[in-house]
Amino acid sequence: MNKTSGLGLAALLALAVLPAAATVPAAAPADTRPNFVLLLIDDAGFSDLGAYGGEARTPNIDALAARGAIFTQYHSSPLCSPSRAMLLTGVDNHRTGFATIPETLPADQQGRPGYRMRFEPGVETLATRLKAEGYRNYMTGKWHLGHGPGELPDSHGFDRSFVLDASGADNWEQKPYMPYYTSADWFEDGKPATLPEDFYSSKFLIDQMIGYLDKDQQRREPFLAYIAFQAVHIPVQAPRELTAGYAGVYDGGWGVIREQRWRRAQERGLIPQGAPLAPVHERLRSWESLDADERAIYAKSMQVHAAMIEAMDQHIGRLVEYLKARGQFENTIFLLTSDNGPEPSNPVAQTGFKTWMSRHGYTHELENLGEKGSMVFIGPEWANATASPGNLFKFHSSEGGMRVPLIAAGPGIAAGQRVIGTSFVTDVAPTIYDYARVEPSRWNGPVPMSGRSLKPALSGASPRVYAAEEPVGMEVGGNAALFKGDYKITRITLPWGDAKWRLYNLATDPGEVQDLSAQEPERFQAMLADYAAYEKDVGVLKLPDDFNPHKQVKINAIKKQLHHYRFVLGGAAIVLVSLLLMWLRRRLPA
């Protein structure tokens, strides 16, 4: 026996007598599935971001866009809760339980299936399903998908969460922003929470998310981080120094900005060259019709709007830098979008709103516009401009209300893409499942998803997500649309529409200028039939043609106020009756 053989025999004998417990198991394979960062802007117009031709400085978002894909025909719903429900489930909003938002819900729809304003049984969120696949899930920001025990993120798959359950709130303090609410209710992991003294919404939401990730940095499982910003929902608010950085940018008015953004959209390949810009709606004012004081406050309101977007971008940059420092950035897929088009409301013009503002510490003055204690909005004219080249804005099923930005970047997504195929908010969840390598058989639960994975489009395998003859419907509060290939039929409610159906070719006419219903009657009728089938399938409750969601908000706000202050009003009524009886006793003869 040679020396080498002897050593080999000795080694074998040594191994033979080792106890079984000393055997070293093979290391578990590293989990190479990607992380996901889902960034949701509130009420951003299609052309608000720098990458889409907006004036706001968004270098961090633009860097993500350059590293990945920009979608040019991505559509959300025209209102926030339906969009958020579809984003997190891939399920049509009527099946999720959020056919509309509580603030616009008519009395005769309350409590009906699909209109209960909470997730219907069997509807599962991204977080719930990813958790079952070994992901950890975090959320910060606006929830607006239910209130109270069992209806907050901690009951829908999120391991940690710090959320606002309302449609919006102040960005500097913990207080409500409209008479529908008496407080701004925040919750951490399902329990009532208090905001810090130095609160500013975008900063705080990123701080919290980094805190959650940092605490769990030793965990090996991949994660989903969902951040739902308050930017740029009313009240539009931003630090003074950022607002000052846009001095003069908007002094030319909304008509100038709207046309500039339309031209930039063509230059950037977001719409076809020569695509028409829609005529200005007759209800919208011209910039020239305003007096000097009105122009000053509206111009500065848009400065605040741009500054709020810039502030959000700065804090997104902090999250990116954190992930880079932890070695997580390269294996993280970022998805950034908006819940709907821009907000057109002018709350200050509503009867009694200034009185409500004074009771809650709000002003609407040029000097401190956007800072703590200020109530800022951009109004319908600026909203129409920020949606350029689309027409109109939030609440409505026009392109201005539905076509919003979507940026995707990360592993497996080629840089510098323009994804031109029509896509929808319901496609985000299945896309995440696809990249997370979840078996398609496990995507659907008891309630089937209606969305499709965007991965084939992002990989370049297919320019379209949906077949040319495949209809996709959507309805929120009487505003309805159906897409089929390059075509769209849409019905827009009062006060900005007339509830009549129209047909457009979005490939050549993204501004919805030329109604083709008379020129292509067969296509129009076929798409109307497709919509009727969709309406029946998902359980749409029809509304009268004169339904006005803006009026319904006012009605519901009054009802809420009467409910909130019923004891005060009841006490006041008792006092008045008592005084009246005393007066009558004195006046009547003994």
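First, the basis of the model. This is a predicted model, in which local features need pLDDT of at least 70 and side-chain atom pairs count only at pLDDT 80 or more, while totals for chains, interfaces and linings use all residues. Residues are numbered from 1 along each chain as its sequence is written, and side-chain values use heavy atoms, with hydrogens and water left out.

The protein chain holds 17 helices and 16 strands. Helices here are DSSP runs of H or I with at least four residues, strands are runs of E with at least two, and both are numbered from the N terminus. Of the 590 residues in the chain, 58% are buried. Buried means under 20% relative accessible area, exposed means over 50%, and partly exposed lies in between, with a 1.4 Å probe and protein chains only. Consider also the contacts between residues at least 6 apart in sequence: 73% of them join residues at least 24 apart. A contact means heavy atoms within 4.5 Å.

Next, the sheet. Strands of a sheet pair through backbone hydrogen bonds, either parallel or antiparallel. Two strands count as paired if DSSP finds at least two bridges between them. Ten strands form an open sheet with mixed pairing, in the order β7-β6-β5-β4-β8-β1-β9-β10-β2-β11. Its edge strands, β7 (191-193) and β11 (417-419), each pair on one side only. On average, neighbouring strands of this sheet are turned by 15 degrees against each other, direction ignored. Axes are lines fitted to C-alpha atoms, for helices over the stretch in contact, and angles run from 0 to 180 degrees between N-to-C directions. Within the sheet, strands β4 (residues 136-142) and β5 (residues 160-164) run parallel and are joined by five bridges. One example is T140, whose bridge partner in β5 is F162.

What lies across β2, β9 and β10? Helix α2 (residues 59-67) does, running at about 65 degrees to β10. Two packed helices are described by the angle between their axes and the distance between the axes. For α2 and helix α9 (residues 292-325), the angle is about 60 degrees and the axes are 7 Å apart. Here P59, N60 and I61 of α2 meet M312, D313, Q314, I316 and G317 of α9. The residues of this contact divide into four nonpolar, three polar and one charged. In this classification Ala, Val, Leu, Ile, Met, Phe, Trp, Tyr, Cys and Pro are nonpolar, Asp, Glu, Lys and Arg are charged, and the others, Gly among them, are polar.

A single residue deserves a moment. Leaving aside neighbours within four places in sequence, S201 is in contact with N171 and Q230.

Now to the hairpin. Strand β14 (residues 479-484) pairs with β15 in the antiparallel sense over five bridges, and A480 stands opposite R491 in β15. Two residues separate β14 and β15 in this hairpin, and G485 in the turn has a positive phi of about 65 degrees. Strand β15 also pairs with strand β16 (residues 501-505), again antiparallel and over five bridges. There, Y487 has N505 as its bridge partner in β16. Both faces of β15 are covered, with Y487, I489 and R491 buried on one side and K488 and T490 buried on the other.

Finally, the spaces. Rolling a probe the size of a water molecule over the atoms shows where empty space is left. On a 1 Å grid over the protein atoms alone, a cavity is a set of points where a 1.4 Å probe fits but cannot get out; a pocket is an open set with protein on both sides within 12 Å along at least five of seven lines; lining residues have an atom within 4 Å of a point. Grid points are joined across faces, edges and corners, and a volume is the space filled by probe spheres set on the points.

There are three cavities of 30 Å³ or more. The largest cavity has a volume of about 80 Å³, and its lining includes F483, K484 and G485. The largest pocket has a volume of about 980 Å³. Of its 36 lining residues, P347, Q350, H550, V553 and K554 lie nearest its centre. Helix α16 (549-564) gives the most to this lining, with seven residues.
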